[in-house]
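Colleague: Please walk me through one part of this model closely, and set it in its wider context. I would like the cut-offs along the way.

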Amino acid sequence: MNLSPSATSQTARRQKAPLRHRLGPVLPALPMLAFLALFLVVPLAIIGKTALSDPEVSAALPQALAYAADGVPDDAGFAALVADLVEAKKAGLMRPLARRLEYGVAGGSAAVTDLARIADAELAAQDPAAIRLAVTGSNPIWSQPGIWQAIDQGAAPWSLFYLKWALGVPVKATPDGQPASDGIHDFGTIYLRTIVISLLVTGLTVVIGYPLAYVVATSSGMIGKVLIFLVLLPFWTSLLVRTMSWIVVLQKNGVMNDLLLAGGLTAEPLPLLYTRFATILAMVQIQLPFTVLPMISVMRAIPPSHVRAARSMGAGPVSAHVSVFMPQAVPGIAAGALLTFVLCLGFYLTPALVGGPGDQMVSFFIARFTNEQLNWGLASALSLVLIAGATVIALPLSRYVFRHSSGRF
Amino acid sequence: MLDRTPPDDGHVVLSSITKSYDGSTLVVRDLNLSIRKGEFLTLLGPSGSGKTTTLMMLAGFEYPSTGQITIDGAPVHTMPPEKRNIGMVFQNYALFPHMTVAENVGYGLKVRRVPRAEIDRRVGAVLETVHLSALADRRPGQLSGGQQQRVALARALVFEPSIVLMDEPLGALDKKLREHLQFEIRQIAQRYNLTVVYVTHDQYEALTMSDRIAIFNDGRVQQLGSAEEIYARPVNRFVAEFVGDNNCLKGRVTAIEGEIAHLRLQDGTVIRARATGHVQLGALSTAAIRPEALRMDAAPFAGSLAATVRDSIFCGDQIRTVVDLAGTESLVVKSAAHSAAIHPEKGQCVHVGWAWEDAWALDA
Ligand SMILES: Nc1ncnc2c1ncn2[C@@H]1O[C@H](COP(=O)(O)OP(=O)(O)OP(=O)(O)O)[C@@H](O)[C@H]1O
Ligand SMILES: [Mg+2]
């Protein structure tokens, strides 16, 4: 790059400024930075660590690991397995191991518990061929390649196992080593559903919010004030209350069905609650202010003389709006849409309360794996993928918004 | 200045226009204005006098509460702006920040569905006129104030409207640039034979550019006439005080002799002035005298008043002297700096006077 002399000397001078001076402007933001570090960066790091750590197998079966690489091992492998299990039992590593192997192979948990029942010092002392017989006798799965593959999968204390699982890669096998088709959750579909619902909600809030924002931004009188009040009103009640009120409205003998029945639009109550329709309706209502507020602030900054100028040059009201007003409102639309889209990706409560089983989004499964199934590795991996996805989508858009909001003259 | 005013052909006629935004206060009252084809008419008046409102009604952004507007005899006051074919230059230019200079200028042609090649040709030609050909691909944000102003002008001209409205188009520019652009606008208006309605705060701009000036105050046209008429023959005290400098002396009319009114000032001095329609025997009246019409001398002369010099300011080509009369009144006298007239000292006693024709006895 060809720097002009003044530019080079300026950079040079800036580099010479003492650290103290360069940090000066940042000082007021320190509490916020500390807060961010403590409550955003640290949890993120923990989530990342949890998603990648896979310690159960390597901790419980240090010797058997060496034999698991090529499917069902020879007798020595079985002897190592029993020796490991005897130690693991003492150290209390059985339960985590059983759970982890079940993730990798159908029946893995039962195989471990069955084996644990017979594995003791006495068995370990026998010769390998006898051990093998005893082990395969406890549970026939041990004579099939599936479980050994699962052990090999967990050979390292760090792995991409949970991330692959979260990305929808089939990680579970049948006992004979084939990919298990009864995958509990198709996370690819769930992510897709999350994105589709978020996009739909974003699109709807933009379509509903744009005229609203326009009226609020351009009317000077009472109408604008009342409308902005109505837009902000939902902020005064909690998310839970607003979602619950949708249950009241949409349930079988709720307000909506009463109206439909009274209007003769339907003969019997429609199943409105616990549907995709209810989920999207409630989410749109909750997200509308987030979409509308950035639009309003950008639209307010567009001088009314611009549209007038377009009209004076011969453009009709619609044409003037589309060619002059709307392009200048785009940064606001993008900011509002981005905010809503990113917030929607993380929606949990609303789909859980008013949606059906087929309407649950990623967050629902994160909560479920965290609280019910105690599969923190998968929950963390799901979160990580969600965060990464949101970042990939949001970053270019937010850069666009940033560039255009500061680029106006 | 020559009288360039074309004959009254009723090109644009505003008749009995009133306008109220809130339904109670009249912002424009009983406005009657006949604008001639090809004339440069300036609306001049203090802030809030209704100039912009009048322009907005002409352009179609506001509708008159009562009255009607016709262009070439056809009523237009209910027509939307895009149908009126009137060019407009806004005070803050209102350039579209997301379009280049060429796109801004071509906008009026594009919405009229003029073919692409034709647009390019006409935009090129009009940018040539305003000396902006080199900047066609810039965005408005990358232009200086004067350049932005030219883009706004080009944009209002490109679709060849016969009427162009300008609302304080030079208000945001410095004096030098303003004078330069005044000249350019004037030239372009003549070249394209435009009918221009121009709003300004700046009376010198109004005096130098206009064929006719309409002085606005309080929603009414106070006086309509050429710059000379308005300057030399103000019809009321507002116009006298608003346009240029004027000395105003208030007194009671004690006698009217033909064209000459006698006014007795507060301190009993009687002065003579040209009687206008406002003058009534026994009523109060204000005599307006231009500073340059006053004569000042060390010795008394016919009709002169004794005065004391309060201050004397040298302004390069002229000297402005403030003198106190016997009563509470004071006058400003303008004299050429190089003239043989006296250069008074502070506190000196002088005599000032004027020819009665130069003083206008107006409303109180
Ligand atoms: N949209 C509006 N709503 C209500 N009142 C208005 C509106 N526009 C102007 N007014 C009022 O009408 C009066 C005349 O305004 P106008 O803009 O015509 O004045 P102006 O002569 O152009 O003044 P300036 O020289 O300051 O631009 C003012 O008292 C103003 O407050
Ligand atoms: Mg104005």
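Modeller: Gladly! Accessible areas here come from the Shrake-Rupley method with a 1.4 Å probe, and for residues only the protein chains shown count as cover. On that basis, chain B has an accessible surface of about 16100 Å², with 50% of it belonging to carbon and sulfur atoms. This is a predicted model, where local features need pLDDT of at least 70 and side-chain atom pairs count only at pLDDT 80 or more, while totals for chains, interfaces and linings use all residues. Residues are numbered from 1 along each chain as its sequence is written, chains are lettered from A and ligands numbered from 1 in the order in which they are written, and side-chain values use heavy atoms, leaving out hydrogens and water.

Let's look at ligand 1. Within 4 Å, heavy atom to ligand, it is surrounded by B:Tyr21, B:Val27, B:Pro46, B:Ser47, B:Gly48, B:Ser49, B:Gly50, B:Lys51, B:Thr52, B:Thr53, B:Glu168 and B:His201. This shell divides into 3 nonpolar, 7 polar and 2 charged residues, with Gly counted as polar and Pro as nonpolar. For polar contacts (N or O pairs within 3.5 Å), two side chains stand out as a theme. B:Ser47 places a polar side-chain atom 2.5 Å from an oxygen atom of ligand 1, and an N or O atom in the side chain of B:Thr53 is 2.5 Å from a ligand oxygen. B:Ser49 takes part through its backbone, with a polar atom 3.2 Å from an oxygen of ligand 1. The protein covers 57% of the 630 Å² of accessible area that ligand 1 has on its own.

Now the setting. Chain B has 9 helices and 20 strands, taken as DSSP runs (H or I, at least four residues; E, at least two). Its C-alpha atoms fill a box of roughly 75 × 45 × 35 Å along the principal axes. Of its 364 residues, 52% count as buried, meaning under 20% relative accessible area.

Beyond four places in sequence, B:Leu165 is in contact (heavy atoms within 4.5 Å) with residues including B:Leu55, B:Leu58, B:Ala59 and B:Val197.

Technical notes:
Polar contact = N/O pair within 3.5 Å; in protein donor to acceptor, adjacent residues only side chain to side chain. Buried < 20%, exposed > 50% of the residue type's maximum accessible area, 1.4 Å probe, protein only.
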